[in-house]
Structure formats: structure tokens, C-alpha cells
Amino acid sequence: GSHLPSTAMSWRVRLGNKPKPEGWELIEPSLDFFEGKLKDAVNEPHEGKRKAESQWPIHRIHYEKNRYIYELVYKEERISKDLYEFLVRHKIVDAALISKWRKPGYEILCSMSAINKNSTNFGTASICRVPLASRSGHIGPSTTTGCVSCASGDGLNGGPIWWTDPYTTWAPKKRRAPGDGAARASGAADEDAIDDPEEDPEVARRLKALRGEGPGPAGASGGGG
């Protein structure tokens, strides 16, 4: 089953004239904003992208919308329990994802798809769950979600590292591994997540295109004539 957000029906249609709990007006503009982004992502032309890659922005916007609500509920305490339960009941937020964020090890989980073992070809968790320092070979995003790493301790600015984040922010994390032996010991998790298609140069080249980069991240100076 897909864990992608429902993009079919606007929350306005779903809620109709139902009375909204107090505090609704605080979040309504943001819900509109995220819904607009989601529509754009869904309508984006998919030429030259694999089916999974066209879903990456949807996973990311879904993460951002839910994270916004999560912060308001649990960090800033600006949303009442009533309002949060209303959002859950009407499936405006992803309650499963938000409750995972409160568990150790899942603080920045990118998507429920990353831990849904039916999402990968190998019946394993997604590669983005393996800490970068424990991975062998090429580092690349999960084919399912576009997340490079949402393993606790790897994140960027309090969230996952996404395919759009500069290569320089994720590649060096791998080299932090303390001594080879330690890296190999913690590499046990690597066995459980082999959903890594990024070995071939063709994929690497397309990845650069998806990230809006020209050839080669190394020493690209840009510039002219």
C-alpha cells in the first residue's frame, strides 16, 4: 500500500462547513500553502523521470506539512489537543508519521514508506534509514522517497537530508565513520537495507538533473567565458 498523502481532494472539500476547533485560523493559511505545493508537484510534468522520482516532491511536502503541525503541537504548544485530534480525524495530518517522530530513532523519519517493507524490492526498510557512516559504496537517495538519510544524527537543520540538499552536506558525513572496524560493526544495519540503485553512472547522471545540477558536483565553479 502506498503511504503517499491523498492529493485527490482538497481539505476544503473534505471539511465542507464542519465547525472548526479554536485555533484553526492560525494554521489555515499554511494548510492552503502546502496544498498548493502538493498540487504543483502532482501536476509537474514527469518526462524523463522514473515514476518513483516524480513522487519524491510529494513525500517531501507531506513531511514538511506534518512537521509544521508537529512543531506547533509538541514544541511550541500553540495547537490545542482538540484541534490536533480534529486534524487527525479528518486525515489532514498523518498521525502515524507524527507519532513515529516521538519515538527514539525515528525523530526525523522522512515518510512511513521508508519503513514500510513492501515499498522496496527487497522487503527491507529503505536505504535512507541506514546512517550514512555505516553505508558502503555510493551514497544516494532512497528510490522511494528521495530522502538521502533520515537516520537520527544524520539530519540537516533538524530534518532529513533530501535529494535537493547540496551534495557537500551529505557526502562528507560518510567519512566521519570512527575507524573502519567501528563502521563495519555498525554496518549490520546495512544488510537490512539494500534498496540502493545508485551504483550505475546513468542513475547518478539523472540524479544530478533531478537536483538541477550540471555535470559533476566536485569543484564545479560555474561561471563564464
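Modeller: Leaving aside neighbours within four places in sequence, His-90 is in contact (heavy atoms within 4.5 Å) with Arg-14, Leu-15 and Lys-18. This is a predicted model, in which local features need pLDDT of at least 70 and side-chain atom pairs count only at pLDDT 80 or more, while totals for chains, interfaces and linings use all residues. Residues are numbered from 1 along each chain as its sequence is written, and side-chain values use heavy atoms, with hydrogens and water left out.

Colleague: Where does His-90 lie, and is His-90 buried or exposed?

Modeller: His-90 lies in the loop between H4 and H5, where helices (H or I, at least four residues) are DSSP runs numbered from the N terminus. His-90 counts as buried because its relative accessibility is 16%; buried means under 20% relative accessible area, exposed over 50% and partly exposed in between, with a 1.4 Å probe and protein chains only.

Colleague: And what about Glu-77, buried or exposed?

Modeller: Glu-77 counts as exposed, because its relative accessibility is 64%, and its place is in the loop between H3 and H4. Just after H3, Glu-77 takes a positive phi of about 50°, and, not counting residues up to four places away in sequence, Glu-77 touches Glu-71 and Leu-72.

Colleague: Changing topic, which residues touch the most other members in the largest nonpolar core?

Modeller: They are Trp-24, Ile-27, Ile-69, Ile-79 and Leu-87, out of 31 residues in that core; a nonpolar core is a set of buried Ala, Val, Leu, Ile, Met, Phe, Trp, Tyr and Cys residues joined through side-chain atoms within 4.5 Å. Helices H1 (11-15), H2 (24-43), H3 (51-75), H4 (81-89) and H5 (95-101) each supply at least two residues of this core, and the largest share, 6 residues, comes from H3.

Colleague: What does Leu-87 touch?

Modeller: Not counting residues up to four places away in sequence, Leu-87 touches Trp-24, Ile-27, Leu-31, Ile-69, Ile-92 and Val-93.

Colleague: At what angle do H2 and H4 pack?

Modeller: H2 and H4 pack at an angle of about 40°, with their axes 11 Å apart, the axes being lines fitted to C-alpha atoms over the stretch in contact, and angles running from 0 to 180 degrees between N-to-C directions. That makes H2 oblique to H4, since angles under 35 degrees count as roughly parallel, over 145 as roughly antiparallel, 65 to 115 as roughly perpendicular and the rest as oblique.

Colleague: Which residues meet there?

Modeller: Trp-24, Ile-27 and Leu-31 in H2 meet Leu-83, Phe-86 and Leu-87 in H4.
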